[in-house]
Amino acid sequence: MEYKSPEVKKAAQQLKVKFKKLEDKRAILRAPELGALYDRIKTLPAGERAAFGKEVNRLKSELEQLVRQAQSFKLKALSSIDVTAPFDINVPPEQRPQLLTAENGSRHPLMTELGKILNIFAGMGFTAVESRELDDDYHMFGSLNFPKDHPARDEYDTFVTDEGLIAPAHTSIMQNRVFKTMQPPIRAVIPGRCFRNEDVDARHDHTFYQLEGVYVDKGIHAGHLIATLKTFFKKYFQKDIKVKTQPFYFPFTEPSLEFAPSCVFCDQKGCSICSHTGWIELLGCGLIHPNVLREGGIDPTKYTGFAWGVGIERLVMIKYGIEDVRHFHSGNLKFLRQFA
Ligand code: DAH
């Protein structure tokens, strides 16, 4: 910028040199050279004051512009701020709020227990096969000897997609696949997630886990079924228990049984968990129906077998005295930490 007045011109040059050296750029606006120019106005003859005053103001504006430029450059040079940081990055460390200590997650108790259950069955010669979470009518019903439109299907009311696929209501969906892919002797346990259109309460959830078991060989009878499950209960609950079987109905077993271990809480003295009966109704089982074996490609005149299905939540609830099945899916840390 050009100044006509030699005085202003000289001061401008001096001030710019000074400006470059200043740490605090704003100090240039308080520089004595600038103040001297303003003082000078009053001493000038009246006719010269206006023109001189204008030039001094122009110089001041030019200096203000330089200060603004220097400040915006300084802002850009600041380190970027993490707006998601849980404290103001400009607050010195000693003044920052204390962060909560980090905590590691843990396995869900259902999965920990499932691991123990599978280990027990592995020790008894059972292979683990994973179930699936979407299936068709054939595996859910047809292959399991449910005639079309049979009222027994109502027990397994579950969720169906627009395409007609089914969220499985039990792990028995895997029986036909296991029979078709494995050769007798077949010993398999099949854990999986199941779904039911259920009114949720302390004992029922719409989503839960089951463990299916199948055993097929020559000469298998109900004694093998009872001995297998009794051995499992003894190992899992770490207690000697009695078992009671009572007749039941499933289309895929004949005969069908309901299996009830003696109450591990009260040793059959009677408590609220066993409804004062001394027995806990726990699982469905039976000898595999010949139609189911045949549908799976196994000759029922040569082979027989047993099968069962048990709710994994039920087993864990009994083992630890958990009174409400909804705890498992609640995400409640107070509940989960007890098993960490
Ligand atoms: N699928 C049955 C249910 O969820 C349980 C069951 C009963 C499974 C008998 C079996 C069985 O394999 O043989 O109610």
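**Note on the predicted model: helix packing, ligand shell and backbone**

1. Helix H1 (residues 6-21) and helix H2 (residues 32-43) have axes that come within 10 Å and cross at roughly 165°. H1 is therefore roughly antiparallel to H2. Axes here are lines fitted to C-alpha atoms, for helices over the stretch in contact, with angles from 0 to 180 degrees between N-to-C directions. Angles under 35 degrees count as roughly parallel, over 145 as roughly antiparallel, 65 to 115 as roughly perpendicular, and the rest as oblique. Helices (H or I, at least four residues) and strands (E, at least two) are DSSP runs numbered from the N terminus.

2. The H1 and H2 crossing is left-handed. That term applies if the near helix is turned anticlockwise from the far one by less than a right angle; clockwise gives right-handed. H1 contributes Glu7, Val8, Ala11, Gln14 and Leu15 to the contact, and H2 contributes Glu33, Leu34, Leu37 and Arg40. Contact requires C-beta atoms, placed from the backbone, within 7 Å. By class, this contact of H1 with H2 has 5 nonpolar, 1 polar and 3 charged residues. Ala, Val, Leu, Ile, Met, Phe, Trp, Tyr, Cys and Pro count as nonpolar; Asp, Glu, Lys and Arg count as charged; the others, Gly among them, count as polar.

3. A word on the basis. This is a predicted model: local features need pLDDT of at least 70, side-chain atom pairs count only at pLDDT 80 or more, and totals for chains, interfaces and linings use all residues. Residues are numbered from 1 along each chain as its sequence is written.

4. Next, the domains. The protein chain is divided into domain 1 (6-101) and domain 2 (109-339); these bounds come from an automatic or database domain assignment. Taken over C-alpha atoms, the centres of domain 1 and domain 2 are separated by 80 Å.

5. Helix H4 (residues 109-123) meets helix H7 (residues 222-237): their axes come within 10 Å and cross at roughly 135°. H4 is therefore oblique to H7. The crossing of H4 and H7 is right-handed. Ile117, Ile120 and Phe121 of H4 make the contact with Phe232, Lys235 and Tyr236 of H7. These residues divide into 5 nonpolar, no polar and 1 charged.

6. H4 also meets helix H9 (residues 312-320). The axes of H4 and H9 come within 10 Å and cross at roughly 95°, so the two helices are roughly perpendicular. On H4, the contact residues are Pro109, Leu110, Glu113 and Leu114; on H9, they are Ile312, Glu313 and Val316.

7. Now the ligand. Around the ligand are His170, Ser172, Glu212, Phe250, Phe252, Thr253, Gly284, Cys285, Gly286, Ala307, Trp308 and Gly309. The cut-off is a C-beta atom, placed from the backbone, within 6 Å. Strand S6 (283-288) and strand S7 (304-311) are the elements that give two or more residues to this shell. The shell divides into 5 nonpolar, 6 polar and 1 charged.

8. Pro184 and Pro185 are joined by a cis peptide bond, with omega about 5°. Pro185 sits in the loop between helix H6 (175-181) and strand S2 (186-195). The peptide bond from Glu254 to Pro255 is also cis, with omega near -5°, and Pro255 lies in strand S5 (residues 253-261). Asp149, a residue other than glycine, has a positive phi near 65°. Asp149 is in the loop between helix H5 (137-140) and H6.

Note on methods: Two residues are in contact if their C-beta atoms, placed from the backbone, lie within 7 Å.
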